[in-house]
Amino acid sequence: MTTASSAVPRARSPRAGRSWVVVRWRLLPWWLRITVVYTLSRVLTTALMSGFARIQTANSFTVQHPSYLSFASIWDGAWYRVIAASGYPSTLPIDAAGHVTENAWAFMPAYPFTVRALMTVTGASFEFVAVGVSLLAGWGAALVFRRLMGRFLDPARATFATVLFCVAPVSVMFQVAYAEAMGLLLLLVALLLLVQRRYWAMLPVVLLLGITRPTGLAFALLMSLFVVVGVLRPAWLRMPERLTVRTAVAPAIVAVVSGLVGLAWPAIAWAATGVPRAYTDTELAWRSSYIGWGELVPFTPWVQGFGWWFHQPAGTILLVVVLAGFVAVVFQPAARRIGLELRLWGVAYLVYLLAVFFPQSSTWRILLPIAPLLGVVALPRSRVYRVAMVVLAVVLQWTWLYFCWWVDGYDWTPP
């Protein structure tokens, strides 16, 4: 006979409930888990941005208390709107002193032309389409990032790296009218194809990447380093396989094509405006408010920038410390876990930035392409560490929105 006490079902303990959730979560397909993570992270960022929109005063971009889509389309989004509506100017704007001022030639065409095409097909507004393209590209980037991390890390670490990718301080770029999400998706696809040694499949991706974001020369440097290291195969870099003359041909061609596409946009700007330095002079206009007008001398902008921000000699000392820290992270023994290709990309992209980029408030956004190095950050298994990293990322996301995105009166810190 069954007693009364035994007939009463036992309540599930909290630990058993958590275990059930964990089991169900792990049974989901990897792409669905990443989709859930990406969606939740975008909901969080939307809440943060909406909070700032509610206190946003009228400015040159928006009215007071703008809608989310309007707030997400300010800063460079205004330039992409101009390009989507009317293309690029055939005559460069010149100030009273004869200097080229800020204009649309600083921005690559793939993203705004994609937005324009979808606007034509759907009849939707620029804000809706531009933010939608970024959201979808960011989702694709998260999925490809997980695939890329999965080539080197166990599933748990690869997934945590993707969580960090989705909540990173500048992950706001995945839902604003900027080309970063589209460019990052193409970059991650190109890196995954490199890891898979599918060189010929890389060519169309590299071509599109080079007209989405100015990364063509950096990717050409990556492929050049990959070929040199593959042929010489120094033991301390642990190249997986040696490249022969025959097997080095395909990656060398990718390097050449990427280099050519990296030079193509300045050549197009020259042809369209008749000014040989149309693109570089346009880029220099953005740094003139910091250090005045001058020539583009490779590998001097960071010394100038750190000197402007921190004065000398403190600026140069801090720059050396930052670069030494980056090298230590990339070449530490633990970093070997993410593969030589991703570490070489980090080096190539940093060298490119050191050569041409002036460090200012948009630096944090410009560093987004080194996201594969998050695989190193994701290596510790401590639960406390992982929770702390996610919380820190969210706090820094709010901080970035406060100092860079939100327009507070006269704002000289564009994102």
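The model is predicted. A search of the whole structure finds zero disulfides. Helices H3 and H20 cross, and Thr45 of H3 takes part in that contact.

**Helix H3 against helix H20**

- H3 covers residues 30-55, and H20 covers residues 383-405.
- Their axes come within 11 Å and cross at roughly 35°.
- The crossing is right-handed.
- On the H3 side, the contact is made by Leu44, Thr45, Leu48, Met49 and Phe52.
- On the H20 side, the contact is made by Val394, Gln397, Trp398, Leu401, Tyr402 and Trp405.
- These contact residues divide into nine nonpolar, two polar and no charged.

**Threonine 45**

- Thr45 sits in helix H3.
- Thr45 counts as buried because its relative accessibility is 0%, and the limit for buried is under 20%.
- Beyond residues up to four places away in sequence, Thr45 touches Ser171, Val172, Gln175 and Gln397.
- Gln397 is also among the H20 residues that make the contact with H3.
- The side chain of Thr45 makes a polar contact with the side chain of Arg42, at 2.9 Å.
- Thr45 and Ala255 are 210 residues apart in sequence, and their C-alpha atoms are 37 Å apart in space.

**Threonine 212**

- Thr212 lies in a loop, between helix H10 (199-210) and helix H11 (216-232).
- A polar atom of the Thr212 side chain lies 2.7 Å from the backbone oxygen of Leu208.
- Leaving out residues up to four places away, Thr212 touches Met108, Ala110, Ala179, Met182, Gly183 and Leu186.

**Serine 90**

- Ser90 is in the loop between helix H5 (76-86) and helix H6 (110-122).
- Ser90 and Ala272 are 182 residues apart along the chain, yet their C-alpha atoms are separated by 5.7 Å.
- Ser90 touches Ala272 and Thr273, with residues up to four places away left out.
- Helix H12 spans residues 249-273.

**Arginine 157**

- Arg157 has its place in helix H8, residues 155-167.
- Is Arg157 buried or exposed? Arg157 counts as buried, since its relative accessibility is 12% and the cut-off is under 20%.
- Beyond its neighbours within four places in sequence, Arg157 is in contact with Arg337, Ala378, Leu379, Arg381 and Arg386.

**Cysteines**

- Cys166 is buried, with a relative accessible area of 0%.
- Cys404 is buried too, with a relative accessible area of 6%.
- Neither is in a disulfide, as the search found zero.

**Backbone features in loops**

- The peptide bond from Gln312 to Pro313 is cis, with omega near 5°.
- Pro313 is in the loop between helix H15 (301-310) and helix H16 (314-331).
- His311 is found in the loop between H15 and H16 as well.
- His311 counts as exposed because its relative accessibility is 57%, and exposed means over 50%.
- Arg233 is in the loop between H11 and H12.
- Arg233 is partly exposed, with a relative accessible area of 34%.

Methods
Residues numbered from 1 in each chain as written. Predicted model: local features only at pLDDT ≥ 70, side-chain atom pairs only at ≥ 80, totals over all residues. Heavy atoms only, no water. Helix = DSSP H or I, 4+ residues; strand = E, 2+ residues; numbered from the N terminus. Contact = heavy atoms within 4.5 Å. Buried < 20%, exposed > 50% of the residue type's maximum accessible area, 1.4 Å probe, protein only. Polar contact = N/O pair within 3.5 Å; in protein donor to acceptor, adjacent residues only side chain to side chain. Disulfide = S-S within 2.5 Å. Axes fitted to C-alpha atoms, helices over the stretch in contact; angles between N-to-C directions. Left-handed = near helix turned anticlockwise from the far one by under 90°. Nonpolar A, V, L, I, M, F, W, Y, C, P; charged D, E, K, R; others polar.
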